[in-house]
Amino acid sequence: MSVAAMACAAEPAGLAAANEQFAAGKYMEAATAYEALLNDGPPSAELYFNLGNALERADQPVKAALNYERALVLDPGLREARNNRALLAASRNVPMPPHRWQDDVLSIVHPQWLVFAGNVLGWLGLFGIASVVLARRGRPAVAIVGGVAFVIGSALFALGWTSDPRNADSTLAMITSADGADLLNAPANNSTPIAELPAGSPLGILSPRGAWTYCELASGAKGWVRSDSLTAVVPGVELAR
């Protein structure tokens, strides 16, 4: 769980100071510094990973898990964040998001490579088909190969797009209130509880509506959760309060 080496737009002095605080065991000070760098610059998987490390060392496992998840949204190939997230689930009982087919894809290949390969094959296929049509010659083999390349390229592009966490996790949120939260059958404090959700529980956002958010659990149960007990996993997504 070492501090990641980062290539980001943050100022080197600020980043160096944050890393020094982490190395000195001043974990909350380091976390504050990493948060400031994230607020002042573009999102960075490595900064979210370092923030998760600092928060974990500061005994804030739920917030650490949230930031590991954010690191993985920005860079699904960041294995250190994936490993630390799994260790938190095992050692601190911070629930993991449900396993999905996208996770199986991510364990094999980065979604950006799928999108890139899909683009290349798709355009090559279109070029092959267009060359036959424009030449007005009977070259069925080229047209067939072009058609196959276009179909495979389209499939790879779609697979990469749908498995990219920035898309697959666009509605994922986490219970970040220290005492957890209740999933209720109506947006009112006195309504009937459907489930008790411990801190760190993942759930899907269906409809944010001010002080309440309509959510769905992995089990399929749907209900209302107070918006101030939730934090969206995708950086920059704010739930209405």
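Author: The largest pocket holds about 440 Å³ of space. Of the 25 residues that line this pocket, Leu 72, Arg 82, Arg 100, Asp 103 and Leu 106 are the closest to its centre. A quick word on terms: on a 1 Å grid over the protein atoms alone, a pocket is an open set of points where a 1.4 Å probe fits, with protein on both sides within 12 Å along at least five of seven lines, and lining residues have an atom within 4 Å of a point. Grid points are joined across faces, edges and corners, and the volume is the space filled by probe spheres set on them.

Before going on, bear in mind that this is a predicted model: local features need pLDDT of at least 70, side-chain atom pairs count only at pLDDT 80 or more, and totals for chains, interfaces and linings use all residues. Residues are numbered from 1 along each chain as its sequence is written, and side-chain values use heavy atoms, with hydrogens and water left out.

Back to that lining: helix H4 (61-74), helix H5 (79-92) and helix H6 (101-106) each put in at least two residues, and H5 gives the most, with 4. Helices here are DSSP runs (H or I, at least four residues), strands likewise (E, at least two), numbered from the N terminus. Sorted by class, the lining of the largest pocket has 13 nonpolar, 4 polar and 8 charged residues. Nonpolar covers Ala, Val, Leu, Ile, Met, Phe, Trp, Tyr, Cys and Pro; charged is Asp, Glu, Lys and Arg; the others, Gly among them, are polar.

Now the second largest pocket, with about 380 Å³ of space. It is lined by 20 residues, and the closest to its centre are Glu 35, Tyr 48, Leu 51, Asn 67 and Arg 70. Helix H2 (27-40), helix H3 (45-57) and H4 each supply at least two lining residues, with H2 giving the most, 6 residues. This lining has 10 nonpolar, 7 polar and 3 charged residues.

As for the setting, the protein comes to 9 helices and 7 strands. Its C-alpha atoms fill a box of roughly 70 × 50 × 30 Å, taken along the principal axes. The radius of gyration is 22 Å, whereas a compact globule of 241 residues would have one near 18 Å; that is taken over C-alpha atoms, and the globule rule is 2.2 Å times the number of residues to the power 0.38. Buried residues (under 20% relative accessible area, 1.4 Å probe, protein chains only) make up 41% of the 241.

Notes:
Buried means under 20% relative accessible area, exposed over 50%, partly exposed in between (1.4 Å probe, protein chains only).
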